[in-house]
Amino acid sequence: MNAAAIAVLAAAGVEQLRMEAQSPYLLIAEHAGDLVPAPWRDLGLAAPYLATHFAVDIGVDALTRRL
């Protein structure tokens with residue numbers, strides 16, 4: 001995989017919210033979603049595990065958005 005492909009994957013994996021906010025805090029919700037970039041397909045996990053904590057921190061996306 002070349003640098004350009006890696007940059008595209010990295011950009012697709014980031015969502016910035018409330019860029020206009022004046023807060024001194026930065027919240028990072030790494031592992032908040034269950035989307036796996038195509039090169040890694042299913043992370044080697046059986047399908048039932050992709051909806052569990054093996055693949056995603058369940059609830060952290062909603063919590064971060066509320067905060």
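How exposed is R65, by its relative accessible area? I looked this up before anything else. The model is a predicted one, and in it R65 comes out partly exposed, at 37% relative accessible area.

**Entry: salt bridges**

Next I asked how many salt bridges the structure holds. My list has two. In one of them, E15 pairs with R65, and their closest N and O atoms lie 2.6 Å apart. E15 sits in the loop between α1 (3–12) and α2 (60–66) while R65 belongs to helix α2, so this contact ties together parts 50 residues apart in sequence. I checked the accessibility of E15 as well: at 53% it counts as exposed, the cut-off being over 50%.

I then turned to D61. Its side chain meets that of R65 in a salt bridge, with 3.1 Å from N to O. Both residues are in helix α2, and because they are four residues apart, about one helical turn separates them. D61 is partly exposed, with a relative accessible area of 33%.

Putting these notes together, I have E15, D61 and R65 linked in a network of salt bridges.

**Entry: aromatic rings**

How many aromatic pairs are there? I found one. It joins Y49 and F54, whose ring centres are 5.0 Å apart. Their planes stand at 80°, so I logged the pair as edge-to-face; the angle for that label has to be over 60 degrees.

Last, I compared notes on how accessible these two are. Y49 is partly exposed at 41% relative accessibility, whereas F54, at 57%, counts as exposed.

Notes:
Residues are numbered from 1 along each chain as its sequence is written. This is a predicted model: local features need pLDDT of at least 70, side-chain atom pairs count only at pLDDT 80 or more; totals for chains, interfaces and linings use all residues. Side-chain values use heavy atoms; hydrogens and water are left out. Rings of Phe, Tyr and Trp (its six-membered ring) pair if their centres lie within 6.5 Å; planes under 30 degrees apart count as stacked, over 60 as edge-to-face and the rest as tilted. Buried means under 20% relative accessible area, exposed over 50%, partly exposed in between (1.4 Å probe, protein chains only). A salt bridge is a side-chain nitrogen of Lys or Arg within 4 Å of a carboxyl oxygen of Asp or Glu. Helices (H or I, at least four residues) and strands (E, at least two) are DSSP runs, numbered from the N terminus.
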